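Please look at the model below before reading on. The report that follows is meant to be read beside it.

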Number of protein chains: 2
Amino acid sequence: MAGSDLYTGTLDLLILKAVSWGPRHGYAIGRWIRETTSDVLNVQEGALYPALHRLERKRLLEEEWRESETGRQAKYYSLTPAGRTHLRAERRRWEEYSGAVARALATT
Amino acid sequence: MAGSDLYTGTLDLLILKAVSWGPRHGYAIGRWIRETTSDVLNVQEGALYPALHRLERKRLLEEEWRESETGRQAKYYSLTPAGRTHLRAERRRWEEYSGAVARALATT
DNA sequence: TGTAATACCTAAGCCAGCGAGGTAACGACC
DNA sequence: GGTCGTTACCTCGCTGGCTTAGGTATTACA
């Protein structure tokens, strides 16, 4: 399936949001993004997994192997306290940014 | 002056919008973006000028030297027909994208 | 048997943007 | 005369996220 040309920098926000209610594994995060955006955003695995590793390295996510709903082992990610703070900041940044662009586009 | 971490890919849209009413020179485009976004977006010249050259190479912008309001020579950019089409497409893409992200962020 | 879905991973390459440098002309100020 | 801020353009090196394109292994189903 084709990618969806992410605006670079928005993926982290979506991932952090995806795990904001509780642990989720990578594959499910990708599916969640695709579903909640009605296929507008289809994150490639080659972007998703490296991003998860990055966030884990930055201590914004924690990983833990456990059993998924289908009975297989999967790597579950959850927010660290720093991750939750970062989510808030990134979200604010996104809202400020997208609001600014919207204003620019609205000018006549 | 510090930059403002653009979401990669949004700069072209802003530039095209900036010249959608008529020719503007590079420096004025940068200023327009900064002003209409109330300093939220401060585009670095190291990003701006290469972007202008890119858009010109893709025949989305045309350039022409003429005199600026201050009486100096400046390179004025204007939209080609293809540029106008591209602006519409990029705008649609942005609106779809930002709408999708907003929906994702709104989920509880 | 083989196809689709689940679930993970990596490597090569591209290229936009960042940071930091530069040139030159002009006006204002002291 | 010198300096500072603004206007107006430019380039170069580097980083790093994303795309594309591969790969493995397991389970379920036809």
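Predicted model: local features only at pLDDT ≥ 70, side-chain atom pairs only at ≥ 80, totals over all residues.

Residues are numbered from 1 along each chain as its sequence is written, and chains are lettered from A and ligands numbered from 1 in the order in which they are written.

**The two copies**

Chain B is superposed on chain A by a rotation of 180° with 0.0 Å of shift along its axis, at an RMSD of 0.0 Å, which is the relation of a two-fold axis. The superposition is by least squares on the C-alpha atoms of residues with pLDDT of at least 70 in both copies. The residue of chain B that comes closest to the rotation axis is B:Thr8, with its C-alpha at 2.4 Å. Because 96% of the interface residues of chain B are also interface residues in chain A, the copies meet through the same surface.

**Chain A**

Chain A has four helices and three strands, arranged from the N terminus as α-β-α-α-β-β-α; helices (H or I, at least four residues) and strands (E, at least two) are DSSP runs, numbered from the N terminus. Of its 108 residues, 32% count as buried, where buried asks for 20 or more other C-beta atoms within 10 Å of the residue's own, exposed for 12 or fewer, and partly exposed lies in between, with C-beta atoms placed from the backbone.

**B:Ala18**

B:Ala18 belongs to helix H1 (residues 10–18) of chain B, and it is buried because 21 other C-beta atoms lie within 10 Å. Leaving aside neighbours within four places in sequence, B:Ala18 is in contact with B:Arg24, B:Ile29, B:Trp32 and B:Ile33, a contact being two C-beta atoms, placed from the backbone, within 7 Å.

**The H4 pair**

Two packed helices are described by the angle between their axes and the distance between the axes. For helix H4 (residues 81–106) of chain A and helix H4 (residues 81–106) of chain B, the angle is about 150° and the axes are 11 Å apart; axes are lines fitted to C-alpha atoms, for helices over the stretch in contact, and angles run from 0 to 180 degrees between N-to-C directions. The residues that make this contact are listed here.

| Helix | Residues in the contact |
|---|---|
| H4(A) | A:Arg91, A:Trp94, A:Ser98, A:Val101, A:Leu105 |
| H4(B) | B:Arg91, B:Trp94, B:Ser98, B:Val101, B:Leu105 |
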